[in-house]
Amino acid sequence: MSFAAVLFDCDGVLVDSEPISLEILRKMVGDLGWQLSPSECKRLFLGKSTKEEIQLIENHLNIKIDHEWQQAFILRRNQALRQHVVATPGIYDCLKAIRKQWPLHVACVSAAEKNKIILQLDKVGLTDFFDGHIFSGTQVLRNKPYPDVYMAAAQSLGVEPNQCAIIEDSVTGITAGISSGATVFAYCPDDENPTPLLEAGAQHYFRDMRLLPDILQHHTSSNP
């Protein structure tokens with residue numbers, strides 16, 4: 001089956017933002033009394049929205065996180081992203097090739113707040129690839145790992161979810177994509193273990209963004 005649209009997650013797929021955001025979170029959670037190693041922080045919080053992160057912290061520490069703490073975290077995180085976020089290696093060439101085949105049906109679909117998505121895409125020069133097709137899980141009833149935001153994106157593009165290829169890098173995002181009925185491809189850099197992503201339902205994993213256009217073409221030709 002030929003794909004009608006290609007939907008990209010943002011953090012960890014389009015931009016290399018997760019180490020930046022997670023380190024800010026780890027330090028601030030440590031100040032609350034929950035000491036985490038970088039790997040523990042990644043395991044617990046990767047792919048989660050800010051709302052889900054707050055809920056996890058509250059449940060673990062049995063406290064109520066106030067609005068002031070939340071705003072301080074968002075401010076520190078966004079300042080760090082403005083200074084340090086970079087595009088995922090190979091993503092410019094990848095998007096140029098994919099836009100040639102799907103000129104009207106390429107979207108960014110993230111669990112993050114929309115202002116954070118746009119901040120990052122603007123910073124690294126990727127915004128124009130999406131022609132305004134930028135969707136946030138905070139704007140639907142249920143965020144990832146539920147499929148709502150992917151289903152909303154497909155509807156907005158005028159395609160069925162099962163006609164979409166989704167590019168994700170986390171179990172949370174893959175679960176959302178699979179639940180929508182789409183085919184999910186997992187981006188897994190060289191230092192990452194692909195097994196959890198495949199177990200979550202990803203059709204295929206790849207380690208270099210420049211390979212993605214050919215992977216999608218091969219999948220189409222192998223599944224007429």
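The model is predicted: local features need pLDDT of at least 70, side-chain atom pairs count only at pLDDT 80 or more, and totals for chains, interfaces and linings use all residues. Residues are numbered from 1 along each chain as its sequence is written, and side-chain values use heavy atoms, with hydrogens and water left out. The chain is divided into domain 1 (5–16 + 86–218) and domain 2 (17–84). Both domains give at least three residues each to the lining of the largest pocket.

**Domains**

- Domain bounds come from an automatic or database domain assignment.
- The C-alpha centres of domain 1 and domain 2 are 23 Å apart.
- Across the boundary, 18 residues of domain 1 are in contact with 18 residues of domain 2; contact means heavy atoms within 4.5 Å.

**Terms for spaces and elements**

- Spaces are found on a 1 Å grid over the protein atoms alone. A cavity is a set of points where a 1.4 Å probe fits but cannot get out. A pocket is an open set with protein on both sides within 12 Å along at least five of seven lines. Lining residues have an atom within 4 Å of a point.
- Grid points are joined across faces, edges and corners, and a volume is the space filled by probe spheres set on the points.
- Helices (H or I, at least four residues) and strands (E, at least two) are DSSP runs, numbered from the N terminus.
- In the linings, Ala, Val, Leu, Ile, Met, Phe, Trp, Tyr, Cys and Pro count as nonpolar; Asp, Glu, Lys and Arg count as charged; the others, Gly among them, count as polar.

**Largest pocket**

- The largest pocket holds about 710 Å³ of space.
- It is lined by 27 residues, and Glu18, Lys42, Leu46, Asp169 and Glu192 are the closest to its centre.
- Helices H1, H2 (38–45), H8 (171–180) and H9 (195–199) each supply at least two lining residues.
- H1 has the largest share of this lining, with five residues.
- The lining of the largest pocket has twelve nonpolar, five polar and ten charged residues.

**Second largest pocket**

- The volume of the second largest pocket is about 180 Å³.
- Its lining has 13 residues, with Ser49, Lys51, Leu141, Arg142 and Asn143 nearest the centre.
- By class, these are four nonpolar, five polar and four charged residues.
- Domain 1 and domain 2 each give at least three residues to the lining of the second largest pocket.

**Cavity**

- There is one cavity of 30 Å³ or more.
- The largest cavity has about 260 Å³ of space.
- Its lining has 24 residues, and Asp11, Glu18, Gly47, Lys48 and Lys116 are the closest to its centre.
- Helix H1 (18–31) and helix H3 (50–61) are the elements that give two or more residues to this lining. H1 gives the most, with three.
- The lining of the largest cavity divides into five nonpolar, eight polar and eleven charged residues.

**Aromatic pairs**

- The structure holds five aromatic pairs. Rings of Phe, Tyr and Trp (its six-membered ring) pair if their centres lie within 6.5 Å; planes under 30 degrees apart count as stacked, over 60 as edge-to-face and the rest as tilted.
- Phe8 and Phe130 have ring centres 6.5 Å apart and planes at 70°, so this pair is edge-to-face.
- The two are 122 residues apart: Phe8 is in strand S1 (residues 5–8), and Phe130 is in the loop between helix H6 (114–124) and strand S3 (134–136).
- Phe8 is buried at 0% relative accessibility, and Phe130 is buried with a relative accessible area of 0%. Buried means under 20% relative accessible area, exposed over 50%, partly exposed in between (1.4 Å probe, protein chains only).
- Tyr187 and Phe206 form a tilted pair, 5.6 Å centre to centre, with 45° between the planes.
- Tyr187 lies in strand S5 (residues 183–187) and Phe206 in strand S6 (residues 204–206), so the pair ties together parts 19 residues apart in sequence.
- Tyr187 is buried at 7%, and Phe206 is buried at 3%.

**Backbone spots**

- The peptide bond from Lys144 to Pro145 is cis, with omega near 20°. Pro145 is in the loop between S3 and helix H7 (148–157).
- Asn62 has a positive phi, near 55°, and is not a glycine. Asn62 sits in the loop between H3 and helix H4 (67–84) and is exposed, with a relative accessible area of 71%.
- Asp131 also has a positive phi, near 50°. Asp131 is in the loop between H6 and S3 and is partly exposed, at 46%.
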